[in-house]
Amino acid sequence: MAGTTTARRDDTRLAILFILPALLGFLVFLVWPALRGLYLSFTKFNLLTPPEFNGLDNYIRMAQDPVFWNAMRVTIYYVVLNIGFQTVLALVIAVMMQRLTRRTWLRGIVLTPYLVSNVVAAMVFLWILDYQLGIGNKILDAIGVDKIAFLSSDTWVIPTIAFINVWRHVGYTALLIFAGLQTVPETVYEAGRIDGASEVRMFRSITVPLLRPILALVLIITVVGSFQVFDTVAITTRGGPVDSSRVLQYYIYDVAFGRFQFGYASAMSVALLIVLVIITFVQYRLTRAETSDLS
Amino acid sequence: MTTTTTPVAAPATADRVAPPERAGFNIGRAFAWLFMILVILASLFPFYWMLRTALSSNNALYAGSDSLLPVQPSLGGFERVFGTQSGQEAIDAGGAGQPINFWRYLANSVVVSTLITAGQVFFSAMAAYAFARLQWKHREKVFGFFLAGLMIPTIFTLLPNFVLIKQLGLVDTLLGIALPSMLMTPFAVFFLRQFFLGISREVEEAALVEGASKVRVFFRLILPMSSAPIATLSILTYITSWNDYFWPLMVSYTDNSRVLTVALGVFKSQTPQTGPDWAGLMAATLVAALPMLLLFMIFAKRIVNSIGFSGIK
């Protein structure tokens, strides 16, 4: 049996063939739109007539647009609530699952909300949290608490939308963290137990530090995703009451498809992109995501 | 913080068995189970509630709102969703009186998701093979390029992609919805390349020595050997594309290209004057959720195990 290495061939022609469709997709639907989005942000464009260059007008308008700043504020508030709650809950769930059973069924059940669309989740909670008829308020009534206008009061709307998305995503996040937990060798816990450490102590001093790179990565992914919230808002409140749930992506959609101001919408998209880049960068640095205490 | 205790002698493969029982350990475990039971209830209750409401009648919903079982059970909700209830009957039952094209939307979703999944996985696999096993100049540089693309949030490309789709005359078509994701995603290329890199070279070399072309090796050897990750990637892609809302919403404006998620939103906005048709809405929601739930039940193990950072280090 020949054990020689194959002669050094040049597969360039074949490679081009194999790469072509993907490269086409990459250039046409990823790179080109990104560049174009940037270009459009400096134009006035209503889709019907060609874009006209208007310099920094869109950005100036954005800086003075109270609805834009409100959207930024509302979105940040949403992200903090959503990710804060989701990450803590996911961590606890992951640790509990680790403790109880490695079997698939438990993880499967926890993941179920993630399998349906945001639209489905929004609809069912629209019903459950309905002011008049929803079971949520019926339960509150039963325990003697005032009914809450979950999706129609400006104080509750963002926490409610955050909650809906936590319901949908916490299982996925928990599974990500759970997978990370598998990388912590049992020997480390055994050593801790021999030293007499309690479960809680071991969690704090062993699990959390060793999970840091995984948690950091999970945080980056979930924060970036959370900033792009749209579906839930579109189904439940459409930005209302007034502007109290008009998140960034919804405002961008509104401006683009409601008012046909694609140039301005593009400028706001660029703003969102910059925010995401900065946050990712800061997070990455803050959590030193690339180092691991395991090695 | 590094631990300085020397590890106790342990088996080479990290032991995954739960620690031995001790007194006081039971309380911890009991608490954990209690917590998880609450989580299970919270995860599954909304689905049950969907079913319960879908099988109820709208006019009984107020009076019976604390009943855990369907109130005044009726299939009216489902009838309105599938369009088997006449306009007048529907209005009497609290519905909007407009028929829904459910089967059309289902078909549209199937077409779009299938197009996206088949195209994306296949073309990404080809590109991944080129990056992993073919020899050509600039290979690593171009791959670096692809990786950089991973960092562009898709959301930023949505508006410009819409403009492009419009210019191609593909607005309100299924192809228009599928096209941007149909050729590849950086993630798919990355994921498959990782796997191809790990395939042992010997089998390949043997086939090449026998005179097989690299194309043949790809189709007859590599692809079949990668059936597991390809299946997993396909399922994940199918689910993601099925549940997509924002992009299909942008591209479609008639039933021609409306997918289930968008149709659900439209159904909701057809709220009759007397108030939302909750039974109908919940029936529609349930029906929209069902395909993915079924898929999940069939492929549960595979899907659950695919979540993690394997290969992305």
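Visitor: In what order do the elements of chain B run from the N terminus on?
Guide: This is a predicted model. Chain B has 14 helices and zero strands. From the N terminus on, its elements therefore run, by the DSSP assignment of helices and strands, as α-α-α-α-α-α-α-α-α-α-α-α-α-α.

Visitor: What percentage of the 313 residues in chain B is buried?
Guide: A residue counts as buried if 20 or more other C-beta atoms lie within 10 Å of its own. In chain B, with its 313 residues, the buried share is 41%.

Visitor: Among contacts in chain B between residues at least 6 apart in sequence, what percentage joins residues at least 24 apart?
Guide: A contact here requires C-beta atoms within 7 Å. Of the chain B contacts between residues at least 6 apart in sequence, the share joining residues at least 24 apart is 73%.

Visitor: Which helix of chain B gives the largest share of the side that touches chain A?
Guide: The contact takes 87 residues from chain A and 85 residues from chain B. On the chain B side, the largest share is 14 residues, and these come from helix α1 (residues 25-54).

Visitor: Which element of chain A is included in what covers the buried residues of α7(B)?
Guide: Helix α7 (residues 174-182) of chain B has eight of its nine residues buried. Among them are Leu174(B), Ile177(B), Leu179(B) and Met182(B). Their cover includes α4 (102-132), α6 (154-167), α11 (227-242) and α12 (246-251) of chain B, together with, from chain A, α1 (12-40).

Visitor: Which residues does Ala127(B) touch, not counting residues up to four places away in sequence?
Guide: Leaving out residues up to four places away in sequence, Ala127(B) touches Met184(B) and Val189(B), and in chain A Phe18(A), Ile19(A) and Ala22(A).

Visitor: Is α5(B) parallel or oblique to α8(B)?
Guide: Helix α5 (residues 139-150) and helix α8 (residues 186-198) of chain B pack with their axes 8 Å apart, at an angle of about 130°. Angles over 145 degrees would count as roughly antiparallel, and 65 to 115 as roughly perpendicular. The angle between the two helices therefore makes α5(B), relative to α8(B), oblique.

Visitor: How many residues of the contact of α5(B) with α8(B) are nonpolar?
Guide: α5(B) passes α8(B) in a left-handed crossing. The contact is made by Phe146(B), Leu147(B), Gly149(B) and Leu150(B) of α5(B) with Pro186(B), Phe187(B), Val189(B) and Phe190(B) of α8(B). Gly counts as polar. The contact has no charged residue and one polar residue, and the nonpolar ones number seven.

Visitor: Where in chain A is Pro241(A) found?
Guide: Most peptide bonds are trans. The bond from Gly240(A) to Pro241(A) is cis, with omega near -5°. Pro241(A) is found in the loop between α10 (231-236) and α11 (248-258).

Visitor: Is Arg238(A) buried or exposed?
Guide: Arg238(A) lies in the loop between α10 and α11 of chain A, with phi near 50°, a positive value in a residue other than glycine. Because 12 other C-beta atoms lie within 10 Å, Arg238(A) is exposed.

Visitor: Is Val157(A) buried or exposed?
Guide: Val157(A) lies in helix α7 (residues 157-181) of chain A. Among the residues it touches are Leu151(A), Thr237(A) and Pro241(A). With 23 other C-beta atoms within 10 Å, Val157(A) is buried.

Note on methods: Residues are numbered from 1 along each chain as its sequence is written. Chains are lettered from A and ligands numbered from 1 in the order in which they are written. This is a predicted model: local features need pLDDT of at least 70, side-chain atom pairs count only at pLDDT 80 or more; totals for chains, interfaces and linings use all residues. Two residues are in contact if their C-beta atoms, placed from the backbone, lie within 7 Å. Helices (H or I, at least four residues) and strands (E, at least two) are DSSP runs, numbered from the N terminus. Axes are lines fitted to C-alpha atoms, for helices over the stretch in contact, and angles run from 0 to 180 degrees between N-to-C directions. Angles under 35 degrees count as roughly parallel, over 145 as roughly antiparallel, 65 to 115 as roughly perpendicular and the rest as oblique. A crossing is left-handed if the near helix is turned anticlockwise from the far one by less than a right angle, and right-handed if clockwise.
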